[in-house]
Protein chains: 2
Amino acid sequence: MKILFLIPVCLSLILSSCAQRPEPCKSPPLLEGALTAFIPGQHLRVFEKFSYDAYGQNVRVRAVGKEGSETFFVDRLLLFREGISYEIHYRNQTCVKTALKVRFRHIGVPHDAHFLDQMVLGSSSILGQGLLVNNWNGTAEETKENYLLTFTAFGCVPLYTIDFTQKGELSVMTSFFDLVEGIENPNVFIPPSFCDSVEVLPAKEGVMTNSFFGLL
Amino acid sequence: MKILFLIPVCLSLILSSCAQRPEPCKSPPLLEGALTAFIPGQHLRVFEKFSYDAYGQNVRVRAVGKEGSETFFVDRLLLFREGISYEIHYRNQTCVKTALKVRFRHIGVPHDAHFLDQMVLGSSSILGQGLLVNNWNGTAEETKENYLLTFTAFGCVPLYTIDFTQKGELSVMTSFFDLVEGIENPNVFIPPSFCDSVEVLPAKEGVMTNSFFGLL
């Protein structure tokens, strides 16, 4: 009889623990996918394909962008452990190596972010027609600038990030899509041989480290 | 032996038919949920809870908005078959009835919309971490204004709509969330009794029918 009483109590405890307040989280350590970023202050729109390896602290980004009416293409490899950023130009087999003085950041919801609310993008009525997401906000430690984040409730996959300037104006809007867990070709994190003999330039000033995904 | 040969042929036919070019579609006929709309030209931000019944051609919208620094609340019932729009004020038991001269529009992707691309919001690696969506664009028949739409690939559930002015400027941005199929309380489509004796005013000029979801 006691057991019959205990079953619903245990069930309700399990359910309430499932539905508890979401906690800040780290995204999967190996991710590949695409993002678009919009930086209104610089009239800049960027489309990026990226590979992200939190184990090795490596990021590879191929970006196509439009700054005003000018189009650009960048192929960048960031090896955080080695402390070098590679700008790779396959066409003329050249390479620009720059010291990378910023620490690696995991993609995820920062530990001090504030949970705003949970919502379903689309519909929760039928499987495959909706996505349960959490919204967060917070202030970046170094820059004191605010951000808004949307991550999936299950798996902590990034969807949207919005960074604001200290004046509260929109700084960077990023949306992520077509993400997969894992790295299809691990060679993306190995610099091409024509980079070997190139000297490392000192770290650039003003590298956009204030944005949550600035280095992406 | 022939059957063994036919099985993979049939399977590949089924798969290729699943992955064919998406077709314009109608959303589920009974929907409830929320949306936020942003109308930059009017410095207007609106949060709406809506009930949508395509069978009966009824829409109920409760909207809270901010126009500049002013906050407003609107409770509107649109009965398209009856041709009346009700603005309901429960607090003082008053009602404004206006003729509704526009035809009911199904939520969905218009038949002449142009398929742009398919993407996964979030990740496709694990169930529940991503949402397969289709992007569409097109030009509204009456106004010749362009729009961009994002709907779920399965179920044709609306996610985002962006309308542009004829000059190509942003007109209305709408994002849908927390949608469920079905109407929780069918009474939302029945006007309160204090509306009965109210006279119907002639249709308003300049009602926002140009926006794809203008009437929502």
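A polar contact is taken here as a pair of N or O atoms within 3.5 Å, where, within protein, one atom must be able to donate a hydrogen and the other to accept it, and where residues adjacent in sequence count only if both atoms are side-chain atoms. The structure is a predicted model, in which local features need pLDDT of at least 70 and side-chain atom pairs count only at pLDDT 80 or more, whereas totals for chains, interfaces and linings use all residues. Residues are numbered from 1 along each chain as its sequence is written, chains are lettered from A and ligands numbered from 1 in the order in which they are written, and side-chain values use heavy atoms, with hydrogens and water left out.

Chain A contains one helix and twelve strands, these being DSSP runs (H or I of at least four residues for helices, E of at least two for strands) numbered from the N terminus. Read from the N terminus on, the elements of chain A follow the order α-β-β-β-β-β-β-β-β-β-β-β-β. Of the 216 residues in chain A, 42% are buried, a word used for a relative accessible area under 20%, with exposed meaning over 50% and partly exposed in between (1.4 Å probe, protein chains only). Contact means heavy atoms within 4.5 Å, and among the contacts in chain A between residues at least 6 apart in sequence, 47% join residues at least 24 apart.

One residue of chain A, Thr174(A), lies in strand S11, which spans residues 170-181, and it counts as buried because its relative accessibility is 7%. With neighbours within four places in sequence left aside, Thr174(A) is in contact with Leu35(A), Thr36(A) and Ala37(A), and also with Leu159(A), Tyr160(A) and Thr161(A).

The relation between the chains comes next. A rotation of 180 degrees, with 0.0 Å of shift along its axis, superposes chain B on chain A with an RMSD of 0.0 Å, so the two copies are related as by a two-fold rotation axis. In chain B, the C-alpha nearest the axis belongs to Leu131(B), at 3.0 Å from it. The superposition is by least squares on the C-alpha atoms of residues with pLDDT of at least 70 in both copies.

The contact between the copies takes 26 residues from chain B and 26 residues from chain A. Because 100% of the interface residues of chain B are also interface residues in chain A, the copies meet through the same surface. About 2000 Å² is buried between chain B and chain A, with carbon and sulfur atoms giving 56%; this buried area is the accessible area (1.4 Å probe) that two parts lose on being put together, summed over both. Between the chains there are eleven residue pairs in polar contact, both residues being at pLDDT 80 or more. On the side of chain B that touches chain A, strands S7 (114-122), S8 (130-139), S10 (158-164) and S11 (170-181) each supply at least two residues, and S11(B) gives the most, with six residues.

Thr152(B) is found in strand S9 of chain B, residues 146-152, and is buried, with a relative accessible area of 2%. Not counting residues up to four places away in sequence, Thr152(B) touches Gln129(A) as well as Leu131(B), Leu132(B), Val133(B), Val157(B) and Leu159(B). A polar atom of the side chain of Thr152(B) lies 2.8 Å from the backbone oxygen of Phe154(B), and a polar atom of that side chain lies 3.4 Å from the backbone nitrogen of Cys156(B).
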